Amino acid sequence: MPAKNYYKYLISAAMFIALLIAVDFIVGAILKKLYKNQQSGWDYRTRYSAEETKAATLIFGSSRAQQQYNPLYIEDSLNTTCYNVGRDGMQVPYHYAMLQAVLSRYTPKMIVLDCEYGMFKVADAGYERLSNLLPLYKDHPEMRPVLNLRSPFEKYKLLSNIYPYNSMIFKLLAGNFSKGKEHEDIKGYRVLTGKLTHPIKTYDLTNKYPLDTIKIKLFNDFINDCRSKNIKLYFVCPPYYMKIIGIDHSLDVVKKIAAEKNIPFIDYANDSVFQTNPALFDDTVHINYEGSKIFSAKLAHQLKQIQ
């Protein structure tokens with residue numbers, strides 16, 4: 001290739017790369033503004049949990065937290081402020097990353113960590129779903145070690161300003177323009193209104209399954225970080241509409257850790273009030289609004305008794 005053409009090629013390539021960088025920067029800045037401006041919806045609650053809430057009591061967990069713990073009952077009984085930072089489908093890595101964001105701003109007085117069947121199972125979903133926190137990556141260095149667990153290449157992908165918002169554009173538009181009415185909440189708690197009618201079924205949980213050692217480590221790190229800040233920590237397992245044979249492998253580990261570290265474990269999994277009343281459930285693993293009122297009141301009373 002003649003030198004003249006070679007230099008023209010280099011200049012064209014450099015201009016193309018510069019254009020890509022400029023587009024990435026501009027589009028990324030627009031998406032970030034849309035993300036930050038949301039006033040409702042899933043991602044608004046996630047950002048609010050990480051960057052704004054100053055509630056003295058926080059509820060951590062998956063949908064079993066988000067859709068079952070009504071903060072109003074805890075506030076009323078314990079004379080505190082409360083926010084539910086749980087999110088549908090999230091697992092231990094998400095909870096720990098969220099804790100890091102919270103502790104970088106302030107120290108809550110009490111944390112309730114929802115514990116559920118299968119929480120330490122080996123499953124890629126626990127890491128893939130960290131994508132919901134990627135828009136916070138650049139502004140929250142304390143979260144990065146956990147978010148990088150998504151893949152060996154995550155920190156390189158996140159050099160892009162657009163990448164954190166992949167597959168989020170419709171949610172961002174809803175959060176900015178439709179006010180996300182379909183996702184309204186009560187201090188992070190989301191209401192479920194379905195009612196079961198079928199008889200309770202029996203499930204055998206005696207078979208053990210492989211455990212994710214990283215999730216168990218992050219669970220222990222969660223405990224240690226709370227203790228280092230003198231935060232009162234409670235493990236809670238809400239009701240299931242299931243008759244259980246044996247004990248879930250993950251929950252067995254949680255109970256052993258709780259006993260070793262002297263952390264209260266409040267177990268409503270087989271609570272007879274709920275297991276005899278299917279109308280209190282939206283499905284077999286989530287109580288509905290009426291059920292949450294009973295559960296939240298019972299939990300608030302028990303927390304008050306053991307504080």
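The questions and answers below concern a predicted model of one protein chain.

User: What share of the 307 residues in the protein chain is buried?
Analyst: The secondary structure of this predicted chain comes to 13 helices and nine strands. Its C-alpha atoms fill a box of roughly 85 × 40 × 40 Å along the principal axes. Of the 307 residues, the buried share is 51%.

User: Among contacts in the protein chain with a separation of 6 or more, what percentage joins residues 24 or more positions apart?
Analyst: The count takes in contacts with a separation of 6 or more. Within that set, residues 24 or more positions apart account for 81%.

User: Which residues of helix H11 make the contact with H10?
Analyst: The axes of H10 (residues 213-228) and H11 (residues 249-261) come within 12 Å. On the H10 side the contact is made by Phe219, Asn220, Ile223, Asn224 and Arg227. The residues of this contact divide into four nonpolar, two polar and two charged. The H11 side consists of Val254, Ile257 and Lys261.

User: Are H10 and H11 roughly parallel or roughly antiparallel?
Analyst: Their axes cross at roughly 30 degrees, and the crossing is right-handed. Angles under 35 degrees count as roughly parallel. The two helices are therefore roughly parallel.

User: Which residues of H11 does Phe219 contact, leaving aside neighbours within four places in sequence?
Analyst: Phe219 is one of the H10 residues in the contact with H11. Leaving aside those neighbours, its contacts include Val92, Leu113, Cys115, Met119, Phe120 and Phe235.

User: What is the orientation of H2 and H5 to each other?
Analyst: The axes of H2 (residues 42-51) and H5 come within 7 Å and cross at roughly 50 degrees. Thr46, Ser49 and Ala50 in H2 meet Tyr94, Met98, Ala101 and Val102 in H5. The contact residues divide into five nonpolar, two polar and no charged. By their angle, H2 and H5 are therefore oblique.

User: Is Arg47 buried or exposed?
Analyst: Arg47 is found in helix H2. Not counting residues up to four places away in sequence, Arg47 touches Tyr35, Lys36, Gln38, Glu52 and Leu136. Buried means under 20% relative accessible area. At 6% relative accessibility, Arg47 therefore counts as buried.

User: What is the relative accessible area of Tyr163?
Analyst: Tyr163 is found in the loop between helix H8 (154-157) and helix H9 (169-178). Not counting residues up to four places away in sequence, Tyr163 touches Leu134, Arg150, Glu154, Lys157 and Leu158. Tyr163 is buried, and its relative accessible area is 17%.

User: How many Å apart in space are Tyr163 and Asn148, C-alpha to C-alpha?
Analyst: In sequence, Tyr163 and Asn148 are 15 residues apart. In space, C-alpha to C-alpha, Tyr163 and Asn148 are separated by 14 Å.

Note on methods. Residues are numbered from 1 along each chain as its sequence is written. This is a predicted model: local features need pLDDT of at least 70, side-chain atom pairs count only at pLDDT 80 or more; totals for chains, interfaces and linings use all residues. Side-chain values use heavy atoms; hydrogens and water are left out. Axes are lines fitted to C-alpha atoms, for helices over the stretch in contact, and angles run from 0 to 180 degrees between N-to-C directions. Angles under 35 degrees count as roughly parallel, over 145 as roughly antiparallel, 65 to 115 as roughly perpendicular and the rest as oblique. A crossing is left-handed if the near helix is turned anticlockwise from the far one by less than a right angle, and right-handed if clockwise. Contact means heavy atoms within 4.5 Å. Ala, Val, Leu, Ile, Met, Phe, Trp, Tyr, Cys and Pro count as nonpolar, Asp, Glu, Lys and Arg as charged, and the others, Gly among them, as polar. Buried means under 20% relative accessible area, exposed over 50%, partly exposed in between (1.4 Å probe, protein chains only).
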